[in-house]
Amino acid sequence: MTRLVRWYGSSPLHLLVLIASFAVTGYALVRLFAVRPLEVAIWFVGAAVLHDLILLPLYSLADLSTQAVLRHRATRVPQVPWINYLRVPAFLAGVLLLVWFPLILDLSAPYPDAAGLPEGVYLGRWLAITAVLFAASALAFAVKLRRVRRAARATGERRAPGSS
């Protein structure tokens, strides 16, 4: 077991899940290419170009500028790395927007009755989901920060009598 972990770099469960996800992805690709090979190839090339040439520079710039603006000075109080508490809800909201943008932006003219909902509700619901994602992330950050500071205080109290 330790030999596999040393060779692979992670647990056998991770390797099993990775192999299963590749199998599911391969099955989906085989099925899609059997039905519409040209459209699938165009979609993959377009997605790669869109991601690598447009989206990656945009979200990298947004991430770097966020870190630059919200940078904190070093203090004696224990800090928690905060950037992932901002990245995760932003990523999830972005994926939801990317997948559902025709409905969110009222561009779904060919399919007005497909969802069974009025057209104007999607933007408000996406904004509400985004707000809930950021609120849950802020709550998780607050809980983590409280735990870290409480642990630091307990460690400091145990060390204080011996250091005086």
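Predicted model: local features only at pLDDT ≥ 70, side-chain atom pairs only at ≥ 80, totals over all residues.
Local features were considered only at pLDDT of at least 70 and side-chain atom pairs only at pLDDT 80 or more, whereas totals for chains, interfaces and linings use all residues. Residues are numbered from 1 along each chain as its sequence is written, and side-chain values use heavy atoms, with hydrogens and water left out.

The secondary structure of the chain comprises five helices and zero strands, where helices (H or I, at least four residues) and strands (E, at least two) are DSSP runs numbered from the N terminus. Of the 164 residues, 9% count as buried, that is, under 20% relative accessible area with a 1.4 Å probe and protein chains only, as against exposed at over 50% and partly exposed in between. Among contacts (heavy atoms within 4.5 Å) between residues at least 6 apart in sequence, 45% join residues at least 24 apart.

Helix α2 (residues 12-35) packs against helix α3 (residues 37-69) at an angle of about 125°, with the axes 5 Å apart; axes are lines fitted to C-alpha atoms, for helices over the stretch in contact, and angles run from 0 to 180 degrees between N-to-C directions. The two helices are therefore oblique to each other, given that angles under 35 degrees count as roughly parallel, over 145 as roughly antiparallel, 65 to 115 as roughly perpendicular and the rest as oblique. In this contact, Leu29, Leu32, Phe33 and Val35 of α2 meet Pro37, Val40, Ala41 and Phe44 of α3.

Helix α3 has 33 residues and spans 46 Å from its first C-alpha to its last, close to the 48 Å expected at 1.5 Å a residue, the expected span being 1.5 Å times one less than the number of residues. A bend of about 40° occurs at Leu55 in α3, with the proline Pro57 following within four residues; the bend at a residue is the angle between axes fitted to the seven residues ending there and the seven starting there. In helix α4 (residues 83-104), the end C-alpha atoms of the 22 residues are only 27 Å apart, short of the 32 Å that a straight helix would reach, and a kink of about 55° lies at Leu98, shortly before Pro102.

Val80, in the loop between α3 and α4, counts as buried at 6% relative accessibility. Leaving aside neighbours within four places in sequence, Val80 is in contact with Tyr85, Phe141, Lys144, Leu145 and Val148. Val80 and Val148 are 68 residues apart in sequence, and their C-alpha atoms are 7.4 Å apart.
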